[in-house]
Amino acid sequence: GDIYVKLRTETGRNGNMALRDTNNDGKADILSRFGDYPNDGIFATEMRIHNGYLYYSSEQVIYRQKLTPTKLIPDSKPEIILTDQFPQRWHNAKSLAFDNRGNMFVTFSAPTNACEDTNSVGQPKGLFPCPMLDVLGSIWIFKENTLNQVQTDGKKFATGIRSIVGISWNDKDSSLYGVQHGRDYLHNHAPQYYSDWDQSVLPAEEFMLIEEGDNFGWPYSYYDHFKNKKMIAPEYGGDGKTEAEGYKDPIMGLPAHWAPNDLLFYKGKQFPERYKDGAFIAFHGSTNRAPYPQAGYIVAFIPFENGRPTGKWEVFADGFAQTDTIHTMPDAKYRPMGLSEGPDGSLYISESK
(Lines give C-alpha, C1' and ligand atoms only; values in the text may rest on other atoms or scores of the structure.)
Protein backbone atom coordinates (compact mmCIF):
# COMPACT_ATOMS: atom_id res chain seq x y z
CA GLY A 1 0.00 0.00 0.00
CA ASP A 2 2.98 2.38 -0.06
CA ILE A 3 3.33 4.79 -2.96
CA TYR A 4 6.55 5.94 -4.59
CA VAL A 5 6.73 9.11 -6.66
CA LYS A 6 9.42 10.40 -9.01
CA LEU A 7 9.74 14.17 -8.72
CA ARG A 8 10.65 16.56 -11.51
CA THR A 9 13.67 18.05 -9.78
CA GLU A 10 16.36 19.72 -11.88
CA THR A 11 19.21 19.90 -9.38
CA GLY A 12 20.37 18.53 -6.05
CA ARG A 13 19.48 15.14 -4.62
CA ASN A 14 16.43 13.52 -3.02
CA GLY A 15 14.38 13.37 -6.22
CA ASN A 16 12.11 10.58 -4.92
CA MET A 17 9.16 10.65 -2.54
CA ALA A 18 7.73 7.80 -0.46
CA LEU A 19 4.18 7.96 0.94
CA ARG A 20 2.61 5.76 3.63
CA ASP A 21 -0.84 5.78 5.22
CA THR A 22 -0.35 4.49 8.78
CA ASN A 23 -3.94 4.76 10.08
CA ASN A 24 -5.87 3.69 6.96
CA ASP A 25 -7.80 6.92 6.61
CA GLY A 26 -6.93 7.28 2.93
CA LYS A 27 -4.37 10.05 3.44
CA ALA A 28 -0.59 9.79 3.62
CA ASP A 29 0.79 10.36 7.12
CA ILE A 30 4.44 9.83 6.18
CA LEU A 31 5.95 11.80 3.29
CA SER A 32 9.68 11.10 3.00
CA ARG A 33 12.10 12.50 0.41
CA PHE A 34 14.99 10.27 -0.59
CA GLY A 35 17.34 9.52 -3.48
CA ASP A 36 21.12 9.44 -3.31
CA TYR A 37 21.74 10.41 -6.94
CA PRO A 38 22.08 13.71 -8.85
CA ASN A 39 18.92 15.17 -10.38
CA ASP A 40 19.40 16.43 -13.92
CA GLY A 41 16.30 17.91 -15.52
CA ILE A 42 12.55 18.37 -15.69
CA PHE A 43 11.92 15.30 -17.88
CA ALA A 44 12.90 12.96 -15.04
CA THR A 45 9.44 11.47 -14.53
CA GLU A 46 9.56 7.66 -14.35
CA MET A 47 9.21 5.27 -11.42
CA ARG A 48 8.30 1.56 -11.51
CA ILE A 49 8.18 -1.24 -8.95
CA HIS A 50 9.35 -4.43 -10.64
CA ASN A 51 10.55 -7.77 -9.26
CA GLY A 52 11.31 -6.38 -5.83
CA TYR A 53 13.20 -3.35 -7.13
CA LEU A 54 12.31 0.31 -7.38
CA TYR A 55 13.35 1.48 -10.86
CA TYR A 56 13.45 5.21 -11.63
CA SER A 57 15.13 7.57 -14.03
CA SER A 58 16.65 11.00 -14.17
CA GLU A 59 16.87 12.47 -17.67
CA GLN A 60 20.20 10.79 -18.32
CA VAL A 61 20.35 7.75 -16.05
CA ILE A 62 18.13 4.81 -15.08
CA TYR A 63 18.61 3.61 -11.50
CA ARG A 64 17.20 0.90 -9.29
CA GLN A 65 17.19 0.07 -5.59
CA LYS A 66 16.22 -3.15 -3.84
CA LEU A 67 13.07 -2.82 -1.75
CA THR A 68 13.08 -4.37 1.71
CA PRO A 69 9.76 -5.71 3.06
CA THR A 70 8.31 -3.45 5.81
CA LYS A 71 10.87 -0.70 5.10
CA LEU A 72 9.45 2.37 3.39
CA ILE A 73 12.79 3.79 2.21
CA PRO A 74 15.23 1.45 0.43
CA ASP A 75 18.51 1.38 2.31
CA SER A 76 20.63 0.08 -0.55
CA LYS A 77 22.70 2.34 -2.77
CA PRO A 78 21.20 3.10 -6.20
CA GLU A 79 22.51 0.83 -8.95
CA ILE A 80 22.97 2.31 -12.42
CA ILE A 81 21.21 0.26 -15.10
CA LEU A 82 21.60 2.59 -18.08
CA THR A 83 23.34 5.87 -18.87
CA ASP A 84 22.41 8.08 -21.83
CA GLN A 85 25.77 9.32 -23.15
CA PHE A 86 24.25 11.98 -25.40
CA PRO A 87 23.79 15.58 -24.19
CA GLN A 88 20.54 16.55 -22.52
CA ARG A 89 17.82 17.55 -24.94
CA TRP A 90 14.11 18.31 -25.17
CA HIS A 91 11.78 15.29 -24.74
CA ASN A 92 14.45 13.48 -22.76
CA ALA A 93 12.23 11.37 -20.47
CA LYS A 94 13.42 7.81 -19.95
CA SER A 95 10.09 6.04 -19.56
CA LEU A 96 10.18 2.33 -18.72
CA ALA A 97 8.23 -0.87 -19.23
CA PHE A 98 9.10 -4.48 -18.38
CA ASP A 99 7.96 -7.59 -20.26
CA ASN A 100 8.34 -10.10 -17.38
CA ARG A 101 10.94 -11.96 -19.46
CA GLY A 102 13.93 -10.03 -18.17
CA ASN A 103 13.69 -7.18 -20.66
CA MET A 104 13.34 -3.45 -20.07
CA PHE A 105 11.96 -1.05 -22.70
CA VAL A 106 13.26 2.53 -22.70
CA THR A 107 12.04 5.55 -24.67
CA PHE A 108 14.55 7.68 -26.59
CA SER A 109 12.34 10.48 -27.88
CA ALA A 110 13.26 13.10 -30.47
CA PRO A 111 13.67 16.79 -29.58
CA THR A 112 12.12 18.30 -32.75
CA ASN A 113 8.74 18.48 -34.47
CA ALA A 114 9.78 17.07 -37.83
CA CYS A 115 13.57 16.81 -37.95
CA GLU A 116 13.69 20.28 -39.48
CA ASP A 117 16.63 21.41 -41.58
CA THR A 118 17.78 24.60 -39.87
CA ASN A 119 19.37 25.75 -43.15
CA SER A 120 16.10 25.63 -45.11
CA VAL A 121 14.88 28.95 -46.51
CA GLY A 122 11.22 29.94 -46.39
CA GLN A 123 8.89 27.07 -45.53
CA PRO A 124 10.75 24.68 -43.19
CA LYS A 125 12.00 21.49 -44.81
CA GLY A 126 12.83 18.21 -43.12
CA LEU A 127 16.13 16.40 -43.30
CA PHE A 128 15.94 13.24 -45.40
CA PRO A 129 16.92 10.79 -44.23
CA CYS A 130 16.49 12.11 -40.70
CA PRO A 131 19.81 11.47 -38.94
CA MET A 132 18.15 11.43 -35.52
CA LEU A 133 16.49 8.11 -36.32
CA ASP A 134 19.80 6.31 -35.81
CA VAL A 135 19.38 6.71 -32.06
CA LEU A 136 16.29 8.83 -31.29
CA GLY A 137 12.61 8.78 -32.17
CA SER A 138 12.57 5.16 -31.03
CA ILE A 139 12.12 2.62 -28.27
CA TRP A 140 15.03 0.41 -27.25
CA ILE A 141 15.18 -2.87 -25.35
CA PHE A 142 17.75 -3.73 -22.67
CA LYS A 143 18.32 -6.38 -20.01
CA GLU A 144 16.69 -5.35 -16.73
CA ASN A 145 19.35 -6.94 -14.50
CA THR A 146 22.51 -5.81 -16.31
CA LEU A 147 24.32 -2.86 -14.72
CA ASN A 148 26.10 0.06 -16.39
CA GLN A 149 24.62 -0.30 -19.87
CA VAL A 150 24.73 2.38 -22.56
CA GLN A 151 22.44 2.70 -25.57
CA THR A 152 24.61 0.59 -27.85
CA ASP A 153 24.29 -2.31 -25.39
CA GLY A 154 20.60 -2.45 -26.24
CA LYS A 155 18.64 -3.03 -29.43
CA LYS A 156 16.34 -0.68 -31.30
CA PHE A 157 12.88 -2.21 -30.85
CA ALA A 158 10.69 0.21 -32.85
CA THR A 159 11.23 3.51 -34.65
CA GLY A 160 9.41 6.48 -36.17
CA ILE A 161 8.10 7.52 -32.75
CA ARG A 162 8.45 11.21 -31.94
CA SER A 163 7.93 11.33 -28.18
CA ILE A 164 6.46 8.88 -25.69
CA VAL A 165 6.16 9.49 -21.96
CA GLY A 166 3.43 6.93 -21.20
CA ILE A 167 4.50 3.35 -21.98
CA SER A 168 3.16 0.10 -20.51
CA TRP A 169 3.43 -3.66 -20.90
CA ASN A 170 0.01 -5.31 -21.09
CA ASP A 171 0.09 -8.72 -19.38
CA LYS A 172 -3.26 -9.63 -20.89
CA ASP A 173 -1.83 -10.01 -24.41
CA SER A 174 1.91 -9.83 -23.58
CA SER A 175 2.39 -6.72 -25.70
CA LEU A 176 3.94 -3.27 -25.41
CA TYR A 177 1.75 -0.18 -25.71
CA GLY A 178 2.51 3.54 -25.71
CA VAL A 179 0.82 6.91 -26.12
CA GLN A 180 2.66 9.39 -28.31
CA HIS A 181 2.89 13.16 -28.18
CA GLY A 182 2.24 14.29 -31.74
CA ARG A 183 4.02 17.13 -33.48
CA ASP A 184 3.06 20.84 -33.55
CA TYR A 185 3.14 23.79 -35.99
CA LEU A 186 1.32 22.50 -39.06
CA HIS A 187 -0.03 26.00 -39.78
CA ASN A 188 3.21 27.74 -38.83
CA HIS A 189 5.20 25.54 -41.19
CA ALA A 190 2.69 25.36 -44.06
CA PRO A 191 0.01 28.06 -43.79
CA GLN A 192 -1.10 27.49 -47.39
CA TYR A 193 -2.36 24.03 -46.42
CA TYR A 194 -3.31 24.30 -42.74
CA SER A 195 -5.40 26.89 -40.88
CA ASP A 196 -5.04 27.90 -37.23
CA TRP A 197 -7.94 25.56 -36.51
CA ASP A 198 -6.23 22.69 -38.32
CA GLN A 199 -3.17 23.30 -36.19
CA SER A 200 -5.22 23.18 -32.99
CA VAL A 201 -6.95 19.86 -33.77
CA LEU A 202 -4.18 18.06 -35.71
CA PRO A 203 -2.30 15.81 -35.65
CA ALA A 204 -3.52 13.03 -33.38
CA GLU A 205 -1.81 11.94 -30.24
CA GLU A 206 -1.42 8.21 -30.97
CA PHE A 207 -2.29 5.15 -28.91
CA MET A 208 0.13 2.54 -30.22
CA LEU A 209 0.53 -1.21 -30.06
CA ILE A 210 4.31 -1.42 -30.45
CA GLU A 211 5.85 -4.60 -31.86
CA GLU A 212 9.45 -5.36 -32.73
CA GLY A 213 10.49 -3.80 -36.03
CA ASP A 214 7.57 -1.35 -36.23
CA ASN A 215 8.00 2.01 -37.97
CA PHE A 216 5.33 4.58 -37.11
CA GLY A 217 6.55 7.12 -39.64
CA TRP A 218 7.94 10.09 -37.70
CA PRO A 219 9.11 12.59 -38.96
CA TYR A 220 7.93 11.91 -42.50
CA SER A 221 4.26 11.53 -41.60
CA TYR A 222 1.63 12.27 -38.98
CA TYR A 223 -1.70 10.62 -38.11
CA ASP A 224 -4.97 12.37 -38.96
CA HIS A 225 -7.62 10.93 -36.63
CA PHE A 226 -10.44 12.48 -38.66
CA LYS A 227 -9.36 10.72 -41.84
CA ASN A 228 -7.95 7.71 -39.92
CA LYS A 229 -4.90 7.89 -42.17
CA LYS A 230 -1.19 8.60 -42.01
CA MET A 231 -0.50 11.79 -43.96
CA ILE A 232 2.77 13.05 -45.44
CA ALA A 233 4.24 15.79 -43.26
CA PRO A 234 4.46 19.23 -44.91
CA GLU A 235 8.22 19.37 -44.35
CA TYR A 236 8.44 16.38 -46.69
CA GLY A 237 6.09 17.56 -49.42
CA GLY A 238 2.72 16.95 -47.78
CA ASP A 239 -0.29 19.16 -48.40
CA GLY A 240 -2.78 17.86 -45.83
CA LYS A 241 -4.37 15.61 -48.45
CA THR A 242 -1.65 13.18 -49.51
CA GLU A 243 -1.58 9.90 -47.66
CA ALA A 244 1.70 8.39 -46.45
CA GLU A 245 2.28 4.71 -47.11
CA GLY A 246 4.41 2.04 -45.50
CA TYR A 247 4.04 3.06 -41.84
CA LYS A 248 2.15 1.42 -39.01
CA ASP A 249 -1.08 3.06 -37.85
CA PRO A 250 -1.95 3.52 -34.19
CA ILE A 251 -4.78 1.45 -32.74
CA MET A 252 -6.54 4.72 -31.93
CA GLY A 253 -6.09 8.42 -32.66
CA LEU A 254 -6.48 10.70 -29.63
CA PRO A 255 -7.13 14.47 -29.53
CA ALA A 256 -4.26 16.69 -30.65
CA HIS A 257 -1.88 18.34 -28.17
CA TRP A 258 -3.48 16.77 -25.09
CA ALA A 259 -0.12 15.31 -24.00
CA PRO A 260 -0.79 11.74 -22.81
CA ASN A 261 1.74 11.25 -20.03
CA ASP A 262 0.87 7.88 -18.51
CA LEU A 263 -0.82 4.66 -19.50
CA LEU A 264 -2.18 1.98 -17.15
CA PHE A 265 -4.01 -1.26 -17.89
CA TYR A 266 -6.48 -1.89 -15.09
CA LYS A 267 -6.21 -5.24 -13.28
CA GLY A 268 -8.35 -4.55 -10.22
CA LYS A 269 -11.91 -5.42 -9.23
CA GLN A 270 -13.02 -2.28 -7.40
CA PHE A 271 -14.44 -0.63 -10.51
CA PRO A 272 -17.32 -2.12 -12.53
CA GLU A 273 -16.53 -5.13 -14.71
CA ARG A 274 -16.27 -3.11 -17.92
CA TYR A 275 -13.08 -1.48 -16.61
CA LYS A 276 -11.21 -4.77 -16.24
CA ASP A 277 -8.24 -4.94 -18.63
CA GLY A 278 -9.08 -1.50 -20.07
CA ALA A 279 -6.63 1.37 -20.48
CA PHE A 280 -6.46 4.53 -18.41
CA ILE A 281 -4.59 7.51 -19.85
CA ALA A 282 -3.47 10.58 -17.90
CA PHE A 283 -3.61 13.59 -20.22
CA HIS A 284 -1.41 16.47 -19.11
CA GLY A 285 -3.40 18.96 -21.20
CA SER A 286 -2.50 21.19 -24.10
CA THR A 287 -0.29 24.27 -24.14
CA ASN A 288 -0.46 25.36 -27.78
CA ARG A 289 -4.01 25.45 -29.14
CA ALA A 290 -4.02 29.27 -29.36
CA PRO A 291 -5.93 31.26 -30.49
CA TYR A 292 -8.41 28.62 -29.27
CA PRO A 293 -8.81 27.52 -25.64
CA GLN A 294 -6.56 24.85 -24.17
CA ALA A 295 -8.03 21.41 -23.45
CA GLY A 296 -7.45 17.86 -22.28
CA TYR A 297 -6.61 18.12 -18.56
CA ILE A 298 -8.34 14.84 -17.82
CA VAL A 299 -7.96 11.14 -17.13
CA ALA A 300 -9.51 9.07 -19.92
CA PHE A 301 -10.57 5.44 -20.12
CA ILE A 302 -10.64 3.13 -23.14
CA PRO A 303 -12.45 -0.23 -22.83
CA PHE A 304 -10.41 -3.15 -24.16
CA GLU A 305 -11.05 -6.70 -25.27
CA ASN A 306 -8.57 -9.17 -26.79
CA GLY A 307 -5.87 -6.54 -27.09
CA ARG A 308 -7.99 -4.00 -28.94
CA PRO A 309 -10.17 -1.04 -27.94
CA THR A 310 -13.86 -1.96 -28.05
CA GLY A 311 -15.11 1.60 -28.27
CA LYS A 312 -14.18 5.25 -28.21
CA TRP A 313 -12.16 6.89 -25.48
CA GLU A 314 -14.23 8.43 -22.69
CA VAL A 315 -13.72 10.88 -19.86
CA PHE A 316 -13.09 9.05 -16.57
CA ALA A 317 -12.15 12.04 -14.39
CA ASP A 318 -12.38 15.75 -15.15
CA GLY A 319 -12.31 19.02 -13.25
CA PHE A 320 -8.57 19.14 -12.56
CA ALA A 321 -8.18 22.53 -14.27
CA GLN A 322 -10.95 23.98 -12.03
CA THR A 323 -11.91 26.50 -14.69
CA ASP A 324 -14.33 26.08 -17.58
CA THR A 325 -12.33 27.96 -20.20
CA ILE A 326 -8.59 27.40 -20.11
CA HIS A 327 -7.23 30.30 -22.14
CA THR A 328 -3.60 29.47 -21.43
CA MET A 329 -1.99 26.57 -19.59
CA PRO A 330 -1.23 28.56 -16.38
CA ASP A 331 -5.01 28.99 -15.92
CA ALA A 332 -5.22 25.29 -15.00
CA LYS A 333 -4.88 24.63 -11.28
CA TYR A 334 -3.97 20.94 -11.67
CA ARG A 335 -2.63 18.85 -14.57
CA PRO A 336 -2.86 15.02 -14.46
CA MET A 337 0.54 13.39 -14.88
CA GLY A 338 0.89 9.82 -13.61
CA LEU A 339 -1.24 6.78 -12.78
CA SER A 340 -0.87 3.89 -10.36
CA GLU A 341 -3.19 1.14 -9.16
CA GLY A 342 -3.52 0.27 -5.49
CA PRO A 343 -3.84 -3.28 -4.14
CA ASP A 344 -7.59 -2.70 -3.59
CA GLY A 345 -8.09 -1.58 -7.20
CA SER A 346 -8.03 2.14 -6.43
CA LEU A 347 -6.61 4.48 -9.04
CA TYR A 348 -4.02 7.01 -7.87
CA ILE A 349 -3.38 10.11 -10.01
CA SER A 350 -0.39 12.39 -9.67
CA GLU A 351 -0.39 15.94 -11.00
CA SER A 352 2.42 18.30 -11.86
CA LYS A 353 1.40 21.72 -10.62
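In β7, which residue is the bridge partner of Y63? Please describe the sheet around that pair, and then the other parts that can be described.

Analyst: The model is predicted. The bridge partner of Y63 is I80, which lies in β7. This bridge belongs to the pairing of strand β6, residues 61-66, with β7. The two strands run in the antiparallel sense, and four bridges join them.

β6 and β7 are part of an open sheet of four strands, in the order β4-β5-β6-β7, with antiparallel pairing. At its edges are β4 (47-50) and β7 (79-83), each of which pairs on one side only.

Another antiparallel pairing involves strand β24 (residues 336-341) and strand β25 (residues 347-351), with five bridges. Within this pairing, G338 stands opposite S350 in β25. β24 and β25 form a hairpin, and five residues lie between them.

The next part is a covalent link. The structure holds one disulfide, formed by C115 and C130 with their sulfur atoms 2.2 Å apart. A pair of cysteine sulfur atoms counts as a disulfide within 2.5 Å, so the pair C115 and C130 qualifies. The link is right-handed, with 95° about the S-S bond. Both cysteines sit in the loop between β9 (103-108) and β10 (138-143), 15 residues apart. Are these cysteines buried or exposed? C115 has a relative accessible area of 1%, so C115 is buried. C130 has a relative accessible area of 4% and is buried as well. The cut-off for buried is under 20%.

The last part is empty space inside the model. Rolling a probe the size of a water molecule over the atoms shows where empty space is left. A search of the whole structure finds one cavity of 30 Å³ or more. The largest cavity holds about 100 Å³ of space. Its lining has 17 residues, and those nearest the centre are Q180, E206, W218, S221 and Y222. By type, the lining of the largest cavity divides into seven nonpolar, seven polar and three charged residues.

Note on methods: Residues are numbered from 1 along each chain as its sequence is written. This is a predicted model: local features need pLDDT of at least 70, side-chain atom pairs count only at pLDDT 80 or more; totals for chains, interfaces and linings use all residues. Side-chain values use heavy atoms; hydrogens and water are left out. Buried means under 20% relative accessible area, exposed over 50%, partly exposed in between (1.4 Å probe, protein chains only). Two strands pair if DSSP finds at least two bridges between them. On a 1 Å grid over the protein atoms alone, a cavity is a set of points where a 1.4 Å probe fits but cannot get out, and a pocket is an open set with protein on both sides within 12 Å along at least five of seven lines; lining residues have an atom within 4 Å of a point. Grid points are joined across faces, edges and corners, and a volume is the space filled by probe spheres set on the points. Ala, Val, Leu, Ile, Met, Phe, Trp, Tyr, Cys and Pro count as nonpolar, Asp, Glu, Lys and Arg as charged, and the others, Gly among them, as polar.
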